[in-house]
Amino acid sequence: MKKLNFTLLVLCATLSFSQQKYTLSGTVSEDETGETLIGVNVIIPELKSGTITNEYGFYSITLPEGTYVVTYSSLGLTTQSITVNLTENVRENIRLASDTEQLDEVVIEADVERASIKTPQMSVNTLTAGTIKNIPVVLGEADVVKSILLLPGVTNAGEASSGFNVRGGAADQNLILLDEATIFNSSHLFGFFSVFNPDAIKDVKLFKGGIPARYGGRISSVLEIFQKEGNSKELKINGGIGAVASRLLAEGPIVKDKAAFLVGGRGSYAHLFLPLFDIDNRAYFYDLNTKINWRINERNSIFLSGYFGRDLFSINDSFVNVYGNALGNFRWNHIFSDKLFSNLSVIYSDYYYGLELDFVGFEWNSGIQNFNIKYDLKHYFSDGFQVNYGINNIYYRFNPGKIEPNSPDSGILEEQLIKKYANEFAAYVDVEHTLTDRLRVQYGLRLSHFIRFGQDELNVYANNNPVEFDKSLLIYKGAEPVDVINPGRSDQLASFTNLEPRASVSYIINDDTSIKASYTRISQYLHLLSNTSSPTPLDVWTPSGPFVEPQLLDQYAFGFFRNLWDREFTIETEVFYKGIQNRIDYIDGANLIANNEIEQVILNGEARAYGWEFLFRKNTGKLQGWLAYTLSKSEQRTPPRNSEEIGINNGVWYNTPFDKTHDIALYGNYNLNDTWSFNGNFVFQTGQPTNFPIGQFEFQGLVIPYYGLRNSTRLPDYHRLDIAATLTPKKNKGRNWQSEWVFSIYNVYNRRNAASINFRQNQDTGINEAVRTSIFGIVPSVTYNFKF
């Protein structure tokens with residue numbers, strides 16, 4: 001018996017010893033610049049196991065005790081293998097060098113941009129700065145927002161329109177983050193360019209569904225953009241000179257291998273040539289990107305980043321419009337242990353809109369500010385179980401507008417529209433869990449709590465109803481307040497609490513095939529007051545409160561993902577359904593500008609969108625690119641609140657302005673040789689829903705048109721072809737100064753796509769006629785890029 005007990009004791013000790021596990025962790029960075037790398041594969045071939053680096057280049061994987069060969073790889077960088085003896089926790093910081101044999105820049109990004117077959121994450125697309133710079137755009141200026149329009153499920157309102165729409169959602173339903181700070185207006189010059197300098201960008205990721213619990217506040221998508229950290233090895237300068245704008249960026253070490261800086265600026269100058277044609281108008285933009293990083297030690301790094309941008313548009317100095325974003329972010333990365341990584345961020349974001357009407361005699365200033373503190377942690381419990389958790393608190397100040405006279409004799413009285421204040425708190429937990437070799441899940445929960453604070457004045461209405469229905473005229477109109485109260489700033493006018501579950505699952509059929517499904521619930525507490533198809537700088541943000549409910553999204557998605565022919569090609573296809581509660585709708589004739597009683601012109605309705613997305617990629621070879629197709633429907637309705645009302649649009653579903661039945665995008669890049677590469681894209685979209693008059697009547701000598709149901713007609717279909725050629729001079733080889741010429745043609749066949757169609761009476765014939773307004777025809781451009 002004693003011998004048996006001894007044998008069991010030895011066996012248990014042996015099993016315990018054999019099951020002992022240790023953690024391999026560290027950061028991966030680029031050898032030439034010191035820049036941390038996102039999404040590097042860390043593979044242990046012997047165990048068929050691995051992980052990838054996070055947004056800050058950190059990785060952690062727990063393995064049984066033993067000796068392993070560990071491979072670090074990312075396309076475009078040399079693969080590095082090391083031997084690790086895991087008898088204790090080991091930290092390995094790896095630097096990967098550029099692969100000088102890699103000629104095609106798009107190949108470098110292919111692995112990053114291709115969807116992961118095995119992970120539960122779905123409905124996400126990644127683009128790198130290299131791909132963005134290759135895509136032909138108007139006037140030759142590389143553009144982040146224009147690039148994501150080539151992805152499935154992403155559209156906009158047409159040429160020179162700001163913002164973008166994801167899966168039938170509105171532009172204000174997109175959360176746009178630049179180094180974690182919120183961007184409220186992503187466009188320069190009313191949509192001609194985006195606010196993101198491509199030279200300063202490190203990574204771009206768009207979440208359309210299956211959104212992790214760490215994100216919240218917008219119900220359609222998250223566009224997350226990280227700036228480069230700066231070269232900690234040596235001073236580098238690059239830039240570009242284009243037809244209407246130029247850019248310059250400098251990065252280099254403050255303390256070599258320890259601290260670095262980045263400063264980049266852009267500006268447009270087409271307005272400088274207008275006086276040559278006796279045109280006294282101006283339209284230009286400028287922006288500045290900055291970043292400083294300091295690696296204090298192996299466990300602590302700090303980052304300070306900022307952005308400042310402004311646009312100016314004026315007509316003879318009698319009309320001057322200035323608007324733009326300003327933001328700053330302080331981040332502290334701390335590694336508590338080999339299994340626990342944290343990031344603390346303190347963020348300030350400001351969006352300003354200014355307007356001066358000299359011929360009327362007043363100035364208008366408005367904007368929104370927020371102060372954000374967030375703390376995120378990632379706990380690597382084991383190879384198959386990781387937990388993200390954290391908290392986030394945002395304080396908002398809304399200035400709907402202040403009107404001031406711009407001269408003593410203007411006759412305009414100073415007026416401040418009522419300022420609004422709010423706070424949004426959230427806590428979340430998000431789990432990445434490998435259940436079996438074939439089944440992986442990601443599940444989480446976000447708790448959001450929104451408080452609308454007191455303000456100087458608040459209207460009180462009978463039955464708490466600011467909008468009443470006129471049964472005789474069958475129209476909605478604003479109700480008259482029965483009282484006005486003056487709640488203090490510390491009072492709570494309204495509060496909302498929502499639980500937001502998230503779940504994604506992937507079933508791996510084989511190494512190259514998987515199916516995935518996801519469910520997402522998100523709350524949105526901020527609303528953009530706009531009754532145009534594309535956001536304008538004059539649109540005003542307003543918080544949820546006594547009369548405005550938060551929007552609530554429930555989204556379901558199912559997808560199939562497959563690699564073909566040794567991963568040379570990939571197929572990604574998804575179907576989705578979105579249901580939205582409390583979508584704002586406007587009564588007929590609603591006035592949104594300088595309206596202190598905005599609650600009198602809006603009603604809470606509902607919206608829905610559903611569709612099918614297909615993405616076919618070619619990832620390797622001289623010819624690369626993708627074909628994206630989306631078939632979708634987006635509509636909304638505001639039913640009657642009781643049996644005596646008719647609702648907006650008779651209470652029936654109608655097309656949203658962002659409904660595009662068919663959306664096709666084809667992009668290709670062909671690398672001919674070391675000197676020449678060619679790029680092209682073709683875009684087709686179903687025409688945008690709009691309203692055309694269906695008849696007219698005469699009243700007191702005036703001809704008045706009348707309209708049918710909302711958005712029941714469409715603009716003509718939108719399509720165009722863009723091409724570009726890049727010339728890299730042979731003399732670049734062996735020189736410090738590197739350069740290239742980019743020749744591009746936007747809208748090759750000069751399609752006059754309709755931005756709008758207006759109706760007027762022909763003065764000669766007296767017959768009504770339709771007039772199409774187009775923004776661009778064919779636009780050739782040349783850009784010179786350089787770096788040294």
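**Aromatic pairs and nonpolar cores**

Trp612 has a relative accessible area of 34% and is therefore partly exposed, since this class covers values between 20% and 50%. Phe614 is also partly exposed, at 22%. These values were computed from a predicted model.

Tyr348 belongs to strand 24 (residues 340-357) and Phe371 to strand 25 (residues 362-382); the two residues are 23 positions apart, and the pair links distant parts of the chain. Tyr348 is partly exposed, with a relative accessibility of 28%, and Phe371 is likewise partly exposed, at 34%. Trp612 and Phe614 make up another tilted pair, with 6.1 Å between centres and 40° between planes. A single aromatic cluster is formed by Trp737, Trp741, Phe743, Tyr784, Phe786 and Phe788.

Charged groups were also found over aromatic rings. The charged end of Arg331 sits 4.7 Å from the ring centre of Phe303, while Arg608 lies over the face of Trp653 at 3.9 Å from the ring centre.

In soluble globular proteins, nonpolar side chains tend to be buried together. The largest nonpolar core here contains 43 residues, of which Val154, Phe164, Phe196, Leu223, Ile225 and Trp626 touch the most other members. Elements contributing two or more residues to this core include helix 4 (144-148), strand 12 (174-178) and strand 41 (623-637). A separate core of 22 residues includes Tyr351, Phe362, Phe450 and Phe496.

How values were computed. Residues numbered from 1 in each chain as written. Predicted model: local features only at pLDDT ≥ 70, side-chain atom pairs only at ≥ 80, totals over all residues. Heavy atoms only, no water. Core = buried A, V, L, I, M, F, W, Y, C linked by side-chain atoms within 4.5 Å. Buried < 20%, exposed > 50% of the residue type's maximum accessible area, 1.4 Å probe, protein only. Helix = DSSP H or I, 4+ residues; strand = E, 2+ residues; numbered from the N terminus. Phe/Tyr/Trp six-rings, centres within 6.5 Å; stacked < 30°, edge-to-face > 60°. Lys NZ or Arg CZ within 6 Å of the ring centre and 35° of its normal.
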